[in-house]
Amino acid sequence: MCQHTSSCSAILPDGETVSLTVEMGNHLAFPVIFSQGKPPTAQGEIAFSSLNAAELGLSVGDSLQLVIDGEIIPYDLCGIYSDITNGGKTAKISGRSSQTPVIWSVLYVSLHESADSEQWIEQYQLAGIEVTNISDYVRETYAQTLAQLSLASGVAEVIAVLVTAVVLALFLRLIVEQERYTISLHKALGFTSKELKRVCFFKGFFPSMIGIAIGVILGNLLGEGLCGIILQALGAEGVRFVIDWSQLLASALIPVLITSALAIWTGITGIQKVKAFECCMGKE
């Protein structure tokens, strides 16, 4: 399936004339994801990239006119999609003009799973054809952004682990001091420090585990919206994250839980310093 890109003049609803980079062809063969509306399938329908629509102040349902082959043709904006090519400012219409000069043509090819994509690309590159692997193109385009997001997530995870550990250790130490009389009384009744530490550990660990699990889940769900705002500035609207929960458990949840367990155990070490005779001295 081949698409041809041309430059066309557009007359906006307010009468302003702008130049648009318009992709002409069948946009259903290799469709993109539309954040609003639908792809153009009939004459008189046009779709804008999110950055283009935002810059021109247009939304789905608005009308404009294109000058094609010297003829002014009315179009209705039927959809808005994400685009990271050509500065993120493109448009799509169905069909193709026979007279409008073509800036470039793009041929989309889908290979069978058994095909050697690297060999296929190399073969056509030797023939002088520019071939781009879509996944490689997206990876290279977002390389710097993804690297910054990865660094930010790593730093945030380290800070979260440290803050969680410090808060839990200090909180449990405070609890031990507040319950010093009760702990001393239990020791006077025959309970050992080991038994009391085990009871306090589980009382502190299970609520912490639930809170951490909820925090990790909400962080991943809400983080998608936050990162989406950043990527939207680059023209990638409607970004969705594919969350690998097994990797999430291994890289985030389990380390945080282990650190929390160590912090709780550190916080309750003061139990062994409480003496059994303290309860006989009365509460201060």
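Author: A disulfide here is a pair of cysteine sulfur atoms within 2.5 Å. By this rule the count is zero. The model is predicted, so local features need pLDDT of at least 70, side-chain atom pairs count only at pLDDT 80 or more, and totals for chains, interfaces and linings use all residues. Residues are numbered from 1 along each chain as its sequence is written, and side-chain values use heavy atoms, leaving out hydrogens and water.

Cys 8 is buried at 3% relative accessible area, and Cys 78 is buried at 9%. Buried means under 20%, exposed over 50%, and partly exposed in between, with a 1.4 Å probe and protein chains only.

Now the core. A nonpolar core is a set of buried Ala, Val, Leu, Ile, Met, Phe, Trp, Tyr and Cys residues joined through side-chain atoms within 4.5 Å. The largest has 21 residues. Leu 20, Ile 46, Phe 48, Leu 66 and Ile 93 touch the most other members. At least two residues each come from strands E1 (2-11), E2 (17-25), E4 (45-49), E5, E6 and E7 (91-94), and from helix H1 (50-56). Helices (H or I, at least four residues) and strands (E, at least two) are DSSP runs, numbered from the N terminus.

Take Phe 48. Beyond its neighbours within four places in sequence, its contacts (heavy atoms within 4.5 Å) include Leu 20, Ala 53, Leu 64 and Leu 77.

A second, separate core has 15 residues, among them Leu 168, Leu 172, Leu 196 and Ile 271.
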